[in-house]
Amino acid sequence: MAHFVIMGCGRVGATLAHTLEDSGHSVAIIDQDERAFRRLRTGFGGRKITGVGFDQDTLKQADIENAYAFAAVSSGDNSNILATRVARETFHVEHVVARIYDPGRAEIYQRLGIPTVAAVRWSADQVLRRILPETAIKGDFREPSGRLLLSELNLHPGWIGRHILDIEGAARVRVAYLTRFGEGMLPGPDSSYQQGDIVHAMIVGAQSSEVARVLAAAPVKES
């Protein structure tokens, strides 16, 4: 069981809170408007904190110091980014994600090392992929036979700086493309994984758990 902090109790925030609680995790959800908590189901067992999500005292009430992940999903881009930076830079929360409405800002946020999800392609599942890296891989595309899956991979920070070929060899996948600074790019033979990159690869569906296990750990050091 892990602890998660969510900023914004709109439709997506409430969905995330319910999904995480159903998975056995502890949840604290923050919103400036106490009435927003009406979206939570009867019997919700998590903490409900009324306050500004980027205020340090408010975050401490939500137990941010023990949080495994933080998701900022309020209706304001600036608030979401500011809160996410506070969670990462002040409280050192490793897994963070911010919802944005302006896709044009994606490059700026990616340069800050903050994973973002644009509202135009928004879903609660996209957030869960970024704050629950140990969950089973879910594919974005499956070829007709159902054997192969095009999926977004979650990598341990230890892979930063390693060649894409190293990732392919260790996990037995084929990297199809990278998303870097909000734009797709095809990796070349000398391409390396950089901080903020999103890696999309073809994998054998039956091996998804093993792929996730390998990439969730730091690469094995060569002797």
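How much space lies in the second largest pocket? The answer is about 260 Å³, where a pocket, on a 1 Å grid over the protein atoms alone, is an open set of points where a 1.4 Å probe fits, with protein on both sides within 12 Å along at least five of seven lines, and lining residues have an atom within 4 Å of a point. Grid points are joined across faces, edges and corners, and the volume is the space filled by probe spheres set on the points. There are 21 lining residues, and the closest to the centre of this pocket are Gly8, Asp31, Val73, Ser74 and Ser75.

Before going further, please keep in mind that this is a predicted model, in which local features need pLDDT of at least 70 and side-chain atom pairs count only at pLDDT 80 or more, while totals for chains, interfaces and linings use all residues. Residues are numbered from 1 along each chain as its sequence is written, and side-chain values use heavy atoms, with hydrogens and water left out.

Back to the lining: helix H1 (11-22) and strand E2 (26-31) each supply at least two residues, and H1 gives the most, with three. Helices (H or I, at least four residues) and strands (E, at least two) are DSSP runs, numbered from the N terminus. By class, the lining has eight nonpolar, 10 polar and three charged residues, where Ala, Val, Leu, Ile, Met, Phe, Trp, Tyr, Cys and Pro count as nonpolar, Asp, Glu, Lys and Arg as charged, and the others, Gly among them, as polar.

H1 also matters for the next topic. Several of its residues, including Val12, Leu16 and Leu20, are buried, that is, under 20% relative accessible area, with exposed meaning over 50% and partly exposed in between (1.4 Å probe, protein chains only).

Turning to the strands, E4 pairs with strand E5 (residues 95-100) in the parallel sense over four bridges, pairing being called if DSSP finds at least two bridges, and Phe70 stands opposite Val96 in E5. Which residues cover the two faces of E5? His95, Val97 and Arg99 lie on one side and Val96, Ala98 and Ile100 on the other, and all are buried.

Further along, strand E9 (residues 174-180) is joined to strand E11 (residues 198-204) by five bridges in an antiparallel arrangement, with His200 as the partner of Tyr177. E9 also pairs with strand E10 (residues 183-185), again antiparallel, over three bridges, and these two form a hairpin with two residues between them, where Phe181 in the turn has a positive phi of about 55°.

Finally, two loop residues. His92, in the loop between helix H3 (77-90) and E5, has a positive phi of about 60° although it is not a glycine, and His92 is exposed, at 64% relative accessible area. Arg172, in the loop between helix H6 (164-171) and E9, has a positive phi near 60° and counts as exposed at 69%.
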